[in-house]
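This report goes through a structure part by part. The sequence and the structure come first, and the notes follow.

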Amino acid sequence: MDGKLLQNPNPLTKRFLFVLAGLAAILLLNLIISPEFFQVSLHEDGKIRGNLINILNNGARVCILAVGMTLVYATGGIDLSVGSVMATAGAMAALMIRPGYLQGLPVANPQPPLLLIMAVPLLIAMLLGLINGALVALVRIQPIIATLIMMYSARGLAVLMVEGQTPTYHGVPFTKLGLGYFLGLPLPVWIAAAVFLITVLVTKRTALGVFIEAVGENRKASRYMGIRTRLITMGTYVFCGLCAGLAGLVHVAGESSTSPYNTGNMIELDAIAAVIIGGTMWGGRFTLAGSIVGALIIQSLSTTVYFQRWPYEYSLVFKAVVLIVVALIQSEKLRAYAAQGWASIKSRRAR
Amino acid sequence: MEEILKVSNLSKGFPGVQALSNVDFTLNRGEILGLMGENGAGKSTLIKVMTGFYRRDSGDIHFDGQAVDFTSPNDAVRHGISTVYQEVNLLPQLTVAENIFIGRQPMKKRGGIDWRELNSRAENAVAKLDLDIDVTRPLNTYSVAVQQMVSIARALDISAKVLILDEPTSSLDAAEVEQLFTVMRRLKSEGISIVFITHFLDQVFAITDRITVLRSGKNAGEFTTEGLSRMDLISSMLGKEFEDLDASRWGSSLGTGEGDPLVSMNSVGKKGFIFPFDLTIRPGEVLGLAGLLGSGRTEIAQLLYGVEKPDEGVLQLNGQETALSSPRGAIDEGMGFCPEDRKEVGIIPELSVRENIILALQAKRGALRYIHRKEQEAIADKFIRALNIVTPSSDQLVKNLSGGNQQKVILARWLAAEPRLLILDEPTRGIDIGSKVEIQKLILELAKEGLALLFISSELDEVVRCSSRVAVLRDRQVIGELDGTDISESQIMKTIAETA
């Protein structure tokens, strides 16, 4: 083990181990209740199946969203619009795959190139992110308000684009994005892993990561030392929009249809919860790995509830409990009380 | 003269600082008293102890002949001591009348606020100050000066015998100041006593009867304004007598730089910020800015560094006319700026010492030309050694360092970025004596290496010691420039004292 790491632990490293332990605890709970939760099987078609894979597969969307959300959150912002942006991107993809849906026509034949079906919705998602970023960084509207506006607008845009219908497009190549497999694992898992790895590389192998943290921690000081604070802030919202667009494509591909109302509904809250559970500071140090584990914690709670055939509401309660625990751990006041209590117990024992 | 407020032997300490030690303070009935002192002199602490905001450690306070022990600002207000702070402490969205009566609204018998009564009483209250305003309009529809007056009206209506005005004029223009003074004179003629805190020398001479000066938490002087020379007041504030001035002038070895000016500012100014001024800085020289607190030193630095945009005048860098609209632009022109307020605009508390040191250099290079970890460590270690920064390692979070060491980290940040012009705004504040001398020596070394420096400090001996030229400021105006053998503390003080 690297001795330096232990002597001088980055607070986030400690935090990350803690979050990882949390995920392990949830899985352990399942192991105790029903060991068959962990059954994983390799099927003849070369696909690996099982609850653990389901957690990764179903959690992929929140993972992708959480990566973008982490950077926004680190600049001292928040993005409530990601769920709606998912729907907009999904609606755009539907329009390209089945332009004649409202006239009752089947999917376009031949299909436009897959890359184009992906690129256009992603560009739109980035544009919506840019609007968020401009409202926050240039117009100085509070992030929660600016992105609330976008949450309504992008949802409305998605509904208008498909005129409130739910276009379906089973069997087209695009659906592989959500349903396909590669090396035994579902494609969404690979996509989420790629988003995570690329973002880690880009933020840690360039100075972007430390610039984001600096801007989030002390915007004024960052400006004084020549960091382009507005550009950095806007950049995180554009990137968050891109992640939302990608998560939207993965989602609608998996459904083989675009429901403008249901796509990404309320998912922004899961993404924000993942970031908080992961340990990223609001305005300051961020950890992408923490956010991923946070997203997996949320997903494994849902999967557990589903697998144990408990009512869906249980998963809401579990999420609340996890967030309360995290908030309590983060509370300096509580830690001070705990330290006091511990000291008094020790002194009593000494006597 | 009858004493209304008398403080004797007052002491107050905070962890690590003795803010007031054995301070005496007397305020007579119906007088205007100026309370003066530089940063850290203890003015605010004295006011806060007198008005019950802090509890004193020792000493006595007598008010109106009675020994008092106020337990809260409200308690002091009830007894008749009201304070109007620099920042207007009212609720901008409420009406003038509501602001005057908030917390003590006249009520109807059957409950509910008696608005008619409230508004008519408010009209009376503002009329007493010769203020002709509509009390039913929101406060923020009026100028800061009027808001200031409304605070005073509120204080008076609560039955003030003593009114403390904490830098009330800092955001007022000349006409508004005169309006305030008229009100103050009138209150004085009605027997109300006023404590007037300000940094403006002209104003304190214009309005006060007496002046009390604090320095480093102790009494430094009590004067009758009439017949007092500015020189005596300034030397009392700065704690310097002509005789004991230190003559050592390292800066004289620098000469006044070489060649063409790197920076030249011609009648650059900004309304309500600083009056137009001329300045030049050449490579290899240290231009010192001297003046009392609030005289406009930092404002010059902010205009030069692009933090604030001037609304007149011409800035030339290297002979090229340039308009800077952001620090980023200034940095691209080769500038660096160690700000006075290290918490607000200096450190990034949760980042490590290493990251704090390399950030400006990294920003200059751009995000994509990443300084690798090894190189970062080399740079950080070099400056930790060179500036004697006390930290267990370069990975320590900067928030865990002492103030002086944080200051050195910011200095290291800019040295690492290798600027051509370095602006140092109070680089030695809060630093121990040993480090102070180290930084002063460093300033000279940098100048000898050909750097141009703009050096701002409240400590005159430092300015005198390190500068090759000194620009002197007073009341947001550059009033003179000294060079060569003219640079001495006494000469600077004389320049500040000269009446306009």
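## A buried threonine in chain B

Thr45(B) is placed in helix α1 of chain B, which covers residues 43–50. The model is a predicted one. With a relative accessible area of 12%, Thr45(B) is buried. Leaving aside residues up to four places away in sequence, Thr45(B) touches Lys12(B), Phe14(B), Ala19(B), Leu20(B) and Tyr54(B).

## A buried isoleucine in chain A

Ile272(A) belongs to helix α12 of chain A, residues 267–278. Its relative accessibility is 9%, and Ile272(A) therefore counts as buried. Residues up to four places away in sequence are again left out of the contacts: Ile272(A) touches Met69(A), Ile78(A), Asp79(A) and Leu80(A).

Ile272(A) can also be compared in position with Leu65(A). The two are 207 residues apart in sequence, while their C-alpha atoms are 8.7 Å apart in space.

## Where chain A meets chain B

The contact between the chains draws 35 residues from chain B and 23 residues from chain A. About 2,400 Å² of area is buried between chain B and chain A, and carbon and sulfur atoms give 62% of that area.

Between chain B and chain A, 2 salt bridges are counted. Arg285(A) forms a salt bridge with Glu355(B), in which the closest N and O atoms are 2.9 Å apart.

How many disulfides does a search of the whole structure find over all chains? The search finds 0. Two cysteines of chain A show the distances involved. A disulfide needs a pair of cysteine sulfur atoms within 2.5 Å. For Cys63(A), the closest cysteine sulfur is that of Cys243(A), 11 Å away, which is too far for a bond. For Cys243(A), the closest cysteine sulfur lies in Cys240(A) at 6.4 Å, and this is also too far for a bond.

## A nonpolar patch on the surface

Leu28(A), Leu29(A), Leu31(A), Ile32(A) and Ile33(A) make up a nonpolar patch on the surface. Together these residues have about 490 Å² of accessible area.

One of them, Leu29(A), is found in helix α2 of chain A, residues 11–33. The relative accessible area of Leu29(A) is 48%, so the residue is partly exposed.

## Backbone details in loops

In chain A, the peptide bond from Asn109(A) to Pro110(A) is cis, and its omega is near 0°. Pro110(A) sits in the loop between α4 (82–97) and α5 (114–137) of chain A.

Chain B has residues other than glycine with a positive phi, including Asn388(B), where phi is near 55°. Asn388(B) lies in the loop that runs between α13 (373–386) and α14 (403–416) of chain B. Is Asn388(B) buried or partly exposed? With a relative accessible area of 44%, Asn388(B) is partly exposed. Glu426(B) has a phi near 55°, a positive value in a residue other than glycine. The place of Glu426(B) is the loop between β17 (421–425) and α15 (433–448) of chain B. Glu426(B) is buried, its relative accessible area being 3%.

Key. Residues numbered from 1 in each chain as written. Chains lettered and ligands numbered in written order. Predicted model: local features only at pLDDT ≥ 70, side-chain atom pairs only at ≥ 80, totals over all residues. Heavy atoms only, no water. Patch = residues over 30% accessible without salt bridge, like charges linked within 9 Å, V, L, I, M, F, W, Y side chains within 5 Å. Areas by Shrake-Rupley, 256 points an atom, 1.4 Å probe, with all protein chains shown as cover. Salt bridge = Lys/Arg side-chain N within 4 Å of Asp/Glu carboxyl O. Helix = DSSP H or I, 4+ residues; strand = E, 2+ residues; numbered from the N terminus. Buried < 20%, exposed > 50% of the residue type's maximum accessible area, 1.4 Å probe, protein only. Contact = heavy atoms within 4.5 Å. Buried area = accessible area lost by both parts, 1.4 Å probe.
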